[in-house]
Amino acid sequence: MAKTSESTVIESHLTENRVFKPSKEFSKNAHFSNLAAYKKLLAQSIKSPEKFWAKEAASLLWSKKWTQVLKWKAPFAKWFVGGRLNASENCLDRHLTGPHRNKAAIIWEGEPGEKRTLTYHQLHREVCLFANILKRNGVKSGDRVLIYMPLVPEAAIAMLACARIGAVHNVVFGGFSSESIKDRIMDSGASVVVTADGGYRRGQIVPLKQNVDQALAGVKQVRRVIVFRRTHLDIHIEEGRDVWWHREAEYVAANCAPLAVDSEHPLFILYTSGSTGKPKGILHTTGGYLTQTAATTKYVFDLREDDVYWCTADIGWVTGHSYLVYGPLANGATCLMYEGAPNWPEPDRFWKLIAEYGVTILYTAPTAIRAFMKWGDEWPRKHDLSSLRLLGTVGEPINPEAWMWYFKNIGKSRCPIVDTWWQTETGAIMIAPLPGATPLKPGTATLPFFGIDAAIVDDNGKEVGPMEGGKLVVRKPWPSMLRTIYGDTPRFRKQYWSEVKGFYFTGDGARRDKDGYFWIVGRIDDVLNVAGHRLGTAEVESALVAHPGVAEAAVVGRPDDIKGQAVVAFVTLRSGHKAGKDLSEAIRKHVAQSIGAIAKPDDIRFTDVLPKTRSGKIMRRLLKQVAAGKAITGDTTTLEDFSVLAKLGAAQE
Ligand code: PRX
C-alpha cells in the first residue's frame, strides 16, 4: 500500500507548560549563557556545519591536519579527510605536559567498596603497558579485540590501549550471555578477547571468564584470552590460549608510542539490538567521533576544571564509550566510575557516592530515575547532595513526572537537567539543552546541538508543522555518525537511509513545539493506532506515571475489531499502593483527564516488573504479544530478566 503523508501524522495531546530558565548563578560561569547569541550560532552552525566542526576538531591534537573537512556521498561520510591522529593520545598524552598530569582521571569504587584513583599520568602508564601486552600477544592495527569486562578501570584501559595501537575494540556488556558473546565474536571476526575472572553485581560474582569459555567452545578464530584478576574466583585457564593480565605485565615496557591513524580509521564496533533480527555492529571511526564526543561533553555538560563528573552507564553501552571514556578524558575531566548496582547494599548507594566524592555532574537514565522514585524519597534525603550542580538523562523519553522528581529530590530545584537525545548510531549527543542558556521544559531534549540538522518530516521528507508528529530525521551528515553496519552495508542503507529519501532516519517519532523544541513520542514501530488516531507511547505513559500510585508504565496496542487497536497499559506501582479494580478505574480516569478519552487505556494490567533490555529500555514488542494473548516469539536474548515473561503471563487486571 502506498504511504500517504497522513499516515505519519502522530497526534499529540499532552501539553507541558512548566518552563525552567537557567539561574543567574549557573549562567554566570557557563560556556553559553546568552540565549540570543546561542541561537544565532546554532542557526549559523546548522547552515554551515563544516565550519563549526572544523573549529572544534582543531582543538584536538592531530599529527597531520586534514585537507578537506567533509566528503559526502550519501550515505557515506568521511570527516577530516587526510588527517591523522590517535584517540588515546588525545585522551591521555595531551594532558601530561600541563597541570592535568597529576589530576585524577578516574576515581573508581568497586561494589564491595574498594577505592582506586588513577591520575592522568598513572592512566597513561597503564594504557601503555596494556597496549604492549596486546602487541606481545600479536594484536595489530585493524584487528578486532572483544572486551567483556566488569566496570573496572581496566575496561577503559583496554579500550584506550586498543585505540593506541589502531586495534578496533568491540565491547560486550558484562550482563550478556555466552551466546551473545559468541555471535559478536563471529560477526566482528575478533581474534583476541579481554575479560576478567568475574565482576560484582548485587553481592554476587558474575562468572565472566566462564561465560567466555562457553562462548569459545568450538570457536577456533580466537587465539588469545587475556584475563584480568578481579574477584579471585577459581577459573579454568586454557593452556596455550589464556593468559593473565598481571603476569603479562611483567614482560612489557611502560611506554608505547601512539600510532597515528587516518581520521577514518575504525575506532570501535558496538552491537545494538534491533527489536527484531540479529544485532547490528555499529562502526565508528576516529577523528569525527572524537571531535563530536569532546565538543558535546564540553558544552552540554558545561564542563569545568574542578568538576567531578559521573556518568552511571556501563562501559558496554555507547553512553559508556562516549561519556565515560572518550568525551570526558579528551577534555581532561575527573570521572567517577562505580562497578555495581544502584541498590547495593541499600537503595542509597548512588547518593552515598555523590556525597563521598563530591560529584558535581550526574548523568543517568530515566529507567534508573523511575526506580529511585519507586524506592522512595527517603533514600536521597539521607545524604548531602549539595555538591551537585548539573544533572543529565539519556536513553528514553523522560516522563515529566520523573523529570520533576529528579529536579526536586536530587537537584534540590537548583540544578539544570540536560535531557540528551542520541543513539548508538549517532555516536554522540544530537539534541540537548545548553544548561546555561536554554530554558528547560520537563520531558523534552529541547534543541539540536550545533551543526545538527534534525527535522521532523512526513513520509515524503516534507517538514511537518509545529505540534504535528512525524519521523525524526537528520538531514545532513555529522562527524560522529556511524559509517556502516560492520560487514553489512546493504542493511546499513536499508535500515537508516531508505525510509525517508536522502535523510538519516532515526526510527523515532517526534514533534516540535512552538519554540522548536523536540519531543520524542516513542519509536515509530510502537505507535498506537486507536480508531484512526496515531498516538505515541511516551505521552500515554507520561500521563500514567503522573498518577501518584504509578511508578512505571508501558503501553501497547492490542488488536480490536472496532477500534483497530485497544490500549493496554502495563503498570508497576509505587510502594504503599495496592492493585485492584478501584485503582485501575482511577488510573484510566486520570489518563482520560490529562490527555483525552482517546488515550484512555482499555485494560490496566498490574505487574511487579516490566520486561527490559539490559540497558533498561522497556521491550514493548514482548508486551504486545502478551497483550494479544500470543506466545512470545522473536529474539529475547537481550532481555534482562527472563523470569519476567512468566510473571507477565500472570499480570492481573
Ligand atoms: O528512542 C530513542 C531513545 O533511545 C534510542 C537510542 O538507543 P541506544 O542506541 O540504545 O542509545 C541510547 C544512549 C544514547 C533513541 O532512538 N532515546 C535516547 N535518548 C533519548 C531517547 N528518547 C527520548 N529522549 C532521550 N533523551
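Some ground rules. The model is predicted, so local features need pLDDT of at least 70 and side-chain atom pairs count only at pLDDT 80 or more, while totals for chains, interfaces and linings use all residues. Residues are numbered from 1 along each chain as its sequence is written, and side-chain values use heavy atoms, with hydrogens and water left out.

Let's start with the ligand. Which residues come nearest? Of the 17 residues around the ligand, they are Asp419, Thr420, Gln423, Thr424 and Asp508. Near here means that a heavy atom of the residue lies within 4 Å. By class, that shell holds six nonpolar, five polar and six charged residues. On classes: Ala, Val, Leu, Ile, Met, Phe, Trp, Tyr, Cys and Pro are nonpolar, Asp, Glu, Lys and Arg are charged, and the others, Gly among them, are polar. Two elements, α11 (318-330) and β25 (518-523), each supply at least two shell residues. Helices (H or I, at least four residues) and strands (E, at least two) are DSSP runs, numbered from the N terminus.

Now the polar contacts, meaning pairs of N or O atoms within 3.5 Å. A polar side-chain atom of Gln423 sits 2.9 Å from a ligand oxygen. For Arg523, a polar side-chain atom is 3.0 Å from an oxygen atom of the ligand. Gly395 uses its backbone: a polar atom there is 3.1 Å from a ligand nitrogen.

The search runs on a 1 Å grid over the protein atoms alone. A cavity is a set of points where a 1.4 Å probe fits but cannot get out; a pocket is an open set with protein on both sides within 12 Å along at least five of seven lines. Lining residues have an atom within 4 Å of a point. Points join across faces, edges and corners, and a volume is the space filled by probe spheres set on them.

The second largest pocket has about 280 Å³. Its lining counts 19 residues, with Lys298, Leu303, Ala330, Asn331 and Gly332 nearest the centre. Helix α10 (residues 287-300) gives the most, five residues.

On to cavities. There are four of 30 Å³ or more. Of its 13 lining residues, Gly443, Trp519, Ile520, Ala538 and Ser542 are closest to the centre. Both β25 and α17 (537-545) give two or more residues.

Among the residues lining it are Leu85, His265 and Thr286. That lining has eight nonpolar residues, four polar and no charged.

Last, the backbone. Ala74 to Pro75 is a cis peptide bond, omega near 0 degrees. Pro75 is in the loop between β1 (68-73) and β2 (76-81). Phe80, in strand β2, has a positive phi of about 60 degrees although it is not a glycine. Trp344 to Pro345 is also cis, with omega near -5 degrees. Pro345 falls in the loop between β17 (334-338) and α12 (349-357).

Key. A polar contact is a pair of N or O atoms within 3.5 Å; within protein, one must be able to donate a hydrogen and the other to accept it, and residues adjacent in sequence count only if both atoms are side-chain atoms.
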